[in-house]
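Subject: Handing over a structure, with notes on what was found

Dear colleague,

I am passing this structure on to you, and I would be glad if you could look through it before reading my notes. The sequence and the model come first, and the findings come after them.

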Amino acid sequence: MDNYTLIKCGKLFDGIREELQENVEIVVKDNKIEEVGKNLSVPNNINIIDLSSVTVTPGLIDAHVHFQHFNWKERRNEIVFHNESWKAMAFLYNARKSLRRGFTSIRTVGSSTYDAYGVINTKKLINMGYFEGSRLVALPHYHYSPGSHGDHSQYLAENPAISEAMAKTAPTMGCGVDFFRNSVREQVKYGADFVKIMATGGFSTPNDSPEDQQLSDDEMKAIIDTAHELHKTCTAHVYAGPLMKKLALMGIDGMEHGAMIDEEACRIMEERDIYLISNMAVYDDVIDINEESLAKKPIFFQRKLREYQGRLIEGRRIILESNLRLGYGTDFVAVHHPYDSGYEYESWMLSKIDPFRILKAATSVNAGILQMADEIGMIEPGKFADISAWPRDLLTDPKALLDCCFVMKDGIVYPTEKSE
């Protein structure tokens, strides 16, 4: 027998229109949205969920997370010293916490240390109903070179023998065109939904710069082309404008971070409709100096943020004034837990981004980036019944996404939790 539910919305953001519609009703049949409208005709015995005092949205989507650790304060120790079963269970834990905060879909963007392909198993187990958790779009491992930002064996570099032993467990670290063609094929074979290049250094590692190019042009092109041959999209961890331009001209589909983008790279990305997952909260401490929060980061992290402050400020200005296809992603590996995706909303709001642009980034835009626009990201008939609700004012309250009061995924209602 079909299972019907009627959801009464006080206000509704449907993922498409840049407005909050009032007094809209949603009919859910089993795990899909059946009908959306006002004063709908429904059976007398239909299950009714009254959300008339809150704002309803599609289930939100975070398109850039790392779920391989439990506690951001212990992240480095967990990555280096805990075994693969520990890391695999972290995916399950974080996916449940994320769902309970209203983020019904998550794009995990890869790990560097071996976890027995825990993210792929987590995705399958959640889809089979054995565990509750956000729907996962999964990348097991990104592609990177020895000693680069992606190489976490560098944390053991003072003991080369141990560092080398850890490095040997990394399936996608290497060099040469042939190596990376093969590593892309292996990741897809084992279940990768997309492909990612660690093209540059970063802020959270001690021995590189966010400007460094850490793979050769030929290696990056081989990764992009092989991904496309296997019908997968390809994205890249990258910060600075010159390398972003290079990747765009190579035919990449999207980029992560881009915090030091320049005008030329931005125009090329706009022309080619290359998406950008912009993780803004990570840089707020230095864009608007917050010494207390900065002090929570390692000294080298603080130093690099201060060194690049001017370019980070200029990069954010360019992003805010652009017509880029901008996706919502968090990349929380310091200060916040990886499942606390709502904190990114505060950063975007305080940067004066229109709330509807943010909400669309976290719903319909991200659904397209995940290649799931036909299934999630919008409240309309035929989509999965992924629905969240919020008691605070989404248009004026920067902390609104820290307080989810209702979440449904695939037509099933789950408990909620406030962010810490």
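Predicted model: local features only at pLDDT ≥ 70, side-chain atom pairs only at ≥ 80, totals over all residues.

Residues are numbered from 1 along each chain as its sequence is written, and side-chain values use heavy atoms, with hydrogens and water left out.

I begin with the sheet. Helices (H or I, at least four residues) and strands (E, at least two) are DSSP runs numbered from the N terminus, and two strands pair if DSSP finds at least two bridges between them. Three strands make up an open sheet with parallel pairing, in the order 6-7-8. Strand 6 (60-65) and strand 8 (135-141) stand at the edges with a single partner strand each, so one side of each has no neighbour in the sheet. On average, and with direction ignored, neighbouring strands of this sheet are turned by 5° against each other, where axes are lines fitted to C-alpha atoms, for helices over the stretch in contact, and angles run from 0 to 180 degrees between N-to-C directions. Strand 7 (residues 103-111) runs parallel to strand 8 and is joined to it by six bridges; S111 has H141 in strand 8 as its bridge partner. Helix 14 packs on the sheet, where it touches strand 6 and strand 7, and its direction makes about 50° with that of strand 6; contact here means heavy atoms within 4.5 Å.

The salt bridges come next. The structure holds 32 salt bridges, each being a side-chain nitrogen of Lys or Arg within 4 Å of a carboxyl oxygen of Asp or Glu. One of them joins the side chains of E417 and R101 at 2.6 Å, N to O. E417 lies in the segment after strand 16 (412-414) and R101 in the loop between helix 2 (84-100) and strand 7, so this pair ties together parts that are 316 residues apart in sequence. R101 is buried, with a relative accessible area of 3%, where buried means under 20% relative accessible area, exposed over 50%, and partly exposed in between (1.4 Å probe, protein chains only). R101 and E417 also belong to a network of salt bridges that links K97, R100, R101, E132, D340 and E417.

R135 lies in strand 8 and D386 in the loop between helix 14 and strand 14 (387-390), so parts that are 251 residues apart in sequence are tied together. R135 counts as buried at 8% relative accessibility, and D386 counts as buried at 3%. By contrast, R181 and D178, whose closest N and O atoms are 3.5 Å apart in their salt bridge, are three residues apart in helix 5 (residues 177-189), about one helical turn. R181 is partly exposed at 34% relative accessibility, and D178 is exposed at 60%.

Turning to the rings, a search of the whole structure finds 14 aromatic pairs. Rings of Phe, Tyr and Trp (its six-membered ring) pair if their centres lie within 6.5 Å, and planes under 30 degrees apart count as stacked, over 60 as edge-to-face and the rest as tilted. F13 and F356 form a tilted pair, because their ring centres are 6.0 Å apart and their planes stand at 40°. This pair links distant parts of the chain, with F13 in the loop between strand 1 (4-12) and strand 2 (21-22) and F356 in helix 14 (residues 355-369), 343 residues apart. F13 is buried at 0% relative accessibility, and F356 is buried at 11%. F70, W86, Y93 and Y339 form one aromatic cluster.

Finally, helix 4 (residues 160-167) contains S163, which is buried at a relative accessible area of 11%. P160 is also found in helix 4, but P160 is exposed, with a relative accessible area of 55%.

With kind regards
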